[in-house]
Amino acid sequence: MSMEASSPISASSRSKPDIARYHEEGRVSSLLVSFLSPMRHVLLLSLMFLLSSCSLQNDAQVLDVAVSQEPPTFDVHVNSSQVARLVMTGNVFEQLVTLDGEGRPVPELCDSFESSDDCFSWTFHLRDDVLFHNGRTMTSEDVVLSLNRWLDYCSSARTMLGDARFWAPDETSVRIDADHPILLLPYMMAASPQSAVIYAREMLSSLDGDGLVTQYIGTGPYMVKEWMRGEYISLVRFDDYCAYGGEMDGLAGYKHAYIPRIVYHFVPDAFARTAGCESGRYLFMNDLMSDDVERLEKRDDLVVSRGDEAGSLVLLFNKREGLASNGYIRTAVNTAVDLDVVMAACYGDSGYVMHPDYMESSQVLWSVTDHDDRYDVGDKDAARRILEENGYDGTPLRILTSNLSNMDRSALALAQELEAAGFATELVVVDWATMMAYRSDPAKWDVCVTAMTMVPVPTLKLFLSPDYAGWSDDARLQGMMEDLSSCTSIGEAQDLWAEIQDYCYDYLPAIVCGHYQSGYLYSADLVGVDEFYGFHFYNSRILQ
């Protein structure tokens, strides 16, 4: 039995550093006064005034962040958008478990968790010091309602769990029991694209007509102050936040929330984001374009961050109806396209890595690299023969994408590659929110060019789901995915994942073109940015 499955996993000590109990330096100084002699009162009172003045100045600090998209909803049980997660998950809402720096699930809102010996069940022992933003203590009822709602929207979790649901054996623990092994469940809970966050039960009694949340009551270090659609979402510090653990390790640990207010501005235009960061309007921006890197690296007042592989650019096939529901069309596309051309159109010369593995290079546990003969083929003549042999009649292949972060450039490059192989094409380029709406309608597209963020386990690859856009409902694939979710050891899961990826190069639910590297630009005055699985400001400071 692997350690992940059988050993209880406990939270680190949650004792707070003394200084962190007082956001206001003046309060710290007032404690000092009571311990020192009256002869020093005048000096200390002067010091208190200076420290309080600094505190007022710090409390007025605002971190303005430019992000490349506005999610249609910040209901992160429902929405798989990376920006929605980066704004909400960890800041406003937290999870029972999160990822440490090695990508392993560790406690966040629980003290510990453990599986049964056969991995058929998991039990999570809740922390007793967790407050919601409305001042109420988190209970097992909040946890059960939240996680079962998450299951309603997370198809990968439902594939793993079947009919199993979370329940509370008592007020301090939550449990789930399945009729088969569920070894990988904590990984899924820690890093699902649809976040397994804990909502206050009040949120779930006031859903809108579409079943989405209308209020945001979480346990995190920040609260939602205002969402101005089309402009920004503003978060303010929750002063009664119950921090836990020691130094941050991955996404787990003590969150100081030094910056009292964070405003995420929705700036889809890359040039506007960059210009705003250069002028000081924004202190941080995501989706930095490769074309700007060389110029910006010469500036001492800015930090250019180019990290490891952070996700992939994907050609998602609509297998429910239309041209791409035919296997020969998918094979012809995979045979025709020079994927390097498609990646370079979006990320430039240095913002990506090419390899045939569906997972990123850092995820050595899940590495499968023996598909070079079926990856990045770029054989136009062979693709043309496939089309001719199967009677392709010239119907345009509809390529859907958004105008976000150069994905439209990749779509244009894809169209040119396909037309050189005998395809007729039709480009459908819309804004991000419209693309997500179109993508849910199988009548509107054949191939969707989109970006997907890194996930810790293969079961979270959305394009392998029968319910996600693209609808990979192939019986053999889904049978293998169910078996993967039911493995009793990591070694067994690794072997099965290699078989699944091999089959996917025949079935072609999608094409992983390549793996993009994270690209951020921020002010040199902003320190302590955590870039693990995105960008996080829990322990950042503004040096001014």
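Predicted model: local features only at pLDDT ≥ 70, side-chain atom pairs only at ≥ 80, totals over all residues.
Visitor: What makes up the protein in terms of helices and strands, and how much of the protein counts as buried?

Guide: The protein has 16 helices and 20 strands. Of its 544 residues, 57% count as buried. The exposed surface comes to about 21,500 Å². Carbon and sulfur atoms supply 49% of that area.

Visitor: What share of the contacts with a separation of 6 or more joins residues 24 or more positions apart?

Guide: The share is 73%.

Visitor: Why is α10 called roughly antiparallel to α12?

Guide: Start with the angle. Helix α10, residues 327-336, packs against helix α12, residues 380-389, at about 165 degrees. Angles over 145 count as roughly antiparallel, so the label holds for α10 and α12. Their axes are 8 Å apart. The crossing of α10 past α12 is left-handed.

Visitor: Which residues make that contact, and how do they divide by class?

Guide: From α10 come Y328, I329, T331, A332, T335 and A336. From α12 come K380, A382, A383, I386 and L387. By class, the contact has eight nonpolar, two polar and one charged residues.

Visitor: How do you know that α15 is roughly antiparallel to α16?

Guide: Helix α15 (475-485) and helix α16 (490-507) pack at an angle of about 165 degrees. The cut-off is over 145, so α15 is roughly antiparallel to α16. Here the axes lie 10 Å apart. The crossing is left-handed.

Visitor: What does the contact of α15 with α16 consist of?

Guide: α15 supplies R476, L477, M480, M481, D483 and L484. α16 supplies A493, L496, W497, E499, I500, Y503, C504 and Y507. The class count is 11 nonpolar, no polar and three charged residues.

Visitor: Why are α11 and α13 put in the roughly antiparallel class?

Guide: The axes of helix α11, residues 339-347, and helix α13, residues 407-419, cross at roughly 155 degrees. That value is over 145, so α11 and α13 are roughly antiparallel to each other. Their axes come within 7 Å.

Visitor: What is the hand of the α11 and α13 crossing, and which residues meet there?

Guide: The crossing of α11 and α13 is right-handed. V341, V342, A345 and C346 in α11 meet M407, R409, S410, A413, L414 and E417 in α13. By class there are seven nonpolar, one polar and two charged residues.

Visitor: Why does H371 count as buried?

Guide: Its relative accessible area is 1%. Buried means under 20%, so H371 qualifies. H371 sits in the loop between β14 (352-353) and α12. Leaving aside neighbours within four places in sequence, H371 is in contact with P356, Q501, D502 and Y505.

Visitor: What makes T98 buried?

Guide: T98 has a relative accessibility of 4%. The limit is under 20%, so T98 counts as buried. T98 is found in strand β3, residues 97-99. Beyond its neighbours within four places in sequence, T98 has contacts that include R104, P105, V106 and E108. Also among them are A190, Y244, L251 and A252.

Visitor: Why is L131 called partly exposed?

Guide: L131 is at 23% relative accessibility. L131 is in the loop between β6 (121-126) and α5 (140-153).

Visitor: How far are the C-alpha atoms of L131 and T219 separated?

Guide: They are separated by 5.9 Å, with the two residues 88 apart along the chain. Not counting residues up to four places away in sequence, L131 touches R136, T137, G218, T219, F238, D240 and C242.

Visitor: What is the phi of D376, and what is that of W471?

Guide: Phi of D376 is near 55 degrees, a positive value in a residue other than glycine. W471 has a positive phi of about 55 degrees, although W471 is not a glycine.

Visitor: Where do D376 and W471 lie, and how does each count, buried or partly exposed?

Guide: D376 lies in the loop between β14 and α12. W471 lies in the loop between β17 (447-453) and α15. At 6%, W471 falls under 20%, so W471 is buried.

Technical notes: Residues numbered from 1 in each chain as written. Heavy atoms only, no water. Axes fitted to C-alpha atoms, helices over the stretch in contact; angles between N-to-C directions. Helix = DSSP H or I, 4+ residues; strand = E, 2+ residues; numbered from the N terminus. Parallel < 35°, antiparallel > 145°, perpendicular 65-115°, else oblique. Left-handed = near helix turned anticlockwise from the far one by under 90°. Contact = heavy atoms within 4.5 Å. Nonpolar A, V, L, I, M, F, W, Y, C, P; charged D, E, K, R; others polar. Buried < 20%, exposed > 50% of the residue type's maximum accessible area, 1.4 Å probe, protein only. Areas by Shrake-Rupley, 256 points an atom, 1.4 Å probe, with all protein chains shown as cover.
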